[in-house]
Amino acid sequence: MPATVIAERIGWSGSISWLRERVRMIRPEYAPADPADRLVHDPGEVVQYDLWFPPASIPLGGDQSGSPPVLVMVSAFSRFITAMMPSRVTTDLVAGIWQLLSQDLGAIPHRLWWTTRPVSVAAAG
């Protein structure tokens, strides 16, 4: 919004050049975040979990095939990635999270993130 419009809306009766200068000084404080900014994560801060459903059908044994969920874990700092194939039962998913943390990562992060929307393979790569 131009300084002249701000002056009109607030009923400014002083010097427009002074107001323009002050608006120019504080405008960066109100600028929206740049969507291209990169997030920075400290080591051990965040691990993200997602369920991935492979696009191809794989043999499951007993003349069955399907696309079972793959529990994927990614460390935000190092981008270390590991995965396992638990059942869809909540207790197995939670046990899978703890198994990936304790056996594969060997540490507990400060925060665990879980994506609640499906992520396509093309968008993730």
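Helices (H or I, at least four residues) and strands (E, at least two) are DSSP runs, numbered from the N terminus. The structure is a predicted model, in which local features need a pLDDT of at least 70 and side-chain atom pairs count only at pLDDT 80 or more, while totals for chains, interfaces and linings use all residues. Residues are numbered from 1 along each chain as its sequence is written, and side-chain values use heavy atoms, with hydrogens and water left out.

Confidence comes next. The pLDDT is the predictor's confidence in each residue, from 0 to 100. The chain averages 85, and 92% of the residues score at least 70. Within the chain, helix 2 (residues 16–26) has the highest confidence, at 94, and helix 4 (residues 121–124) the lowest, at a mean of 45. The pLDDT is below 50 over residues 121–125, a stretch that has 3 contacts in the model beyond near neighbours in sequence (contact means heavy atoms within 4.5 Å). Where pLDDT is low, the predicted coordinates should not be read in detail.

The sheet can now be laid out. Two strands pair if DSSP finds at least two bridges between them. An open sheet is formed by 4 strands in the order 5-4-1-6, with mixed pairing. Strand 5 and strand 6 are its edge strands, each pairing on one side only. On average, neighbouring strands of this sheet are turned by 20 degrees against each other, direction ignored. Axes here are lines fitted to C-alpha atoms, for helices over the stretch in contact, and angles run from 0 to 180 degrees between N-to-C directions. Helix 3 (residues 90–105) packs on the sheet and touches strand 1, strand 4, strand 5 and strand 6; its direction makes about 45 degrees with that of strand 4.

Strand 4 (residues 70–75) has 5 of its 6 residues buried, so it is largely enclosed by the rest of the structure. Buried means under 20% relative accessible area, exposed over 50%, and partly exposed in between (1.4 Å probe, protein chains only). Strand 1 (residues 46–52) runs antiparallel to strand 4 and is joined to it by 6 bridges, with Trp52 standing opposite Val70. Strand 5 (residues 81–84) also pairs with strand 4 in the antiparallel sense, over 4 bridges. Here Leu71 stands opposite Met84 and Val74 opposite Ile81. The hairpin of strand 4 and strand 5 has 5 residues between the strands, and in it Arg79 takes a positive phi near 65 degrees.

Ser75 itself is buried, with a relative accessible area of 10%. Leaving aside neighbours within four places in sequence, Ser75 is in contact with Val46, Val47 and Phe80. Its side chain also makes a polar contact of 3.4 Å with the side chain of Ser78. A polar contact is a pair of N or O atoms within 3.5 Å; within protein, one must be able to donate a hydrogen and the other to accept it, and residues adjacent in sequence count only if both atoms are side-chain atoms.

Another polar contact, of 2.5 Å, joins the side chains of Asp104 and Thr82. Asp104 is found in helix 3 and, at 37% relative accessibility, counts as partly exposed. Apart from neighbours within four places in sequence, Asp104 is in contact with Phe80, Thr82 and Gln99. Asp104 and Met73 are 31 residues apart in sequence and 9.6 Å apart in space, C-alpha to C-alpha.

Rings of Phe, Tyr and Trp (its six-membered ring) pair if their centres lie within 6.5 Å; planes under 30 degrees apart count as stacked, over 60 as edge-to-face and the rest as tilted. By this rule the count comes to 2 aromatic pairs. Trp12 and Trp18 form a stacked pair, 5.5 Å centre to centre and with 5 degrees between the planes. Trp12 is partly exposed at a relative accessible area of 32%, as is Trp18 at 39%. The rings of Tyr49 and Trp114 have their centres 6.4 Å apart and their planes at 25 degrees, so this pair is stacked. The pair links distant parts of the chain, with Tyr49 in strand 1 and Trp114 in strand 6 (residues 111–114), 65 residues apart. Tyr49 is buried, with a relative accessible area of 1%, whereas Trp114 is partly exposed, at 38%.
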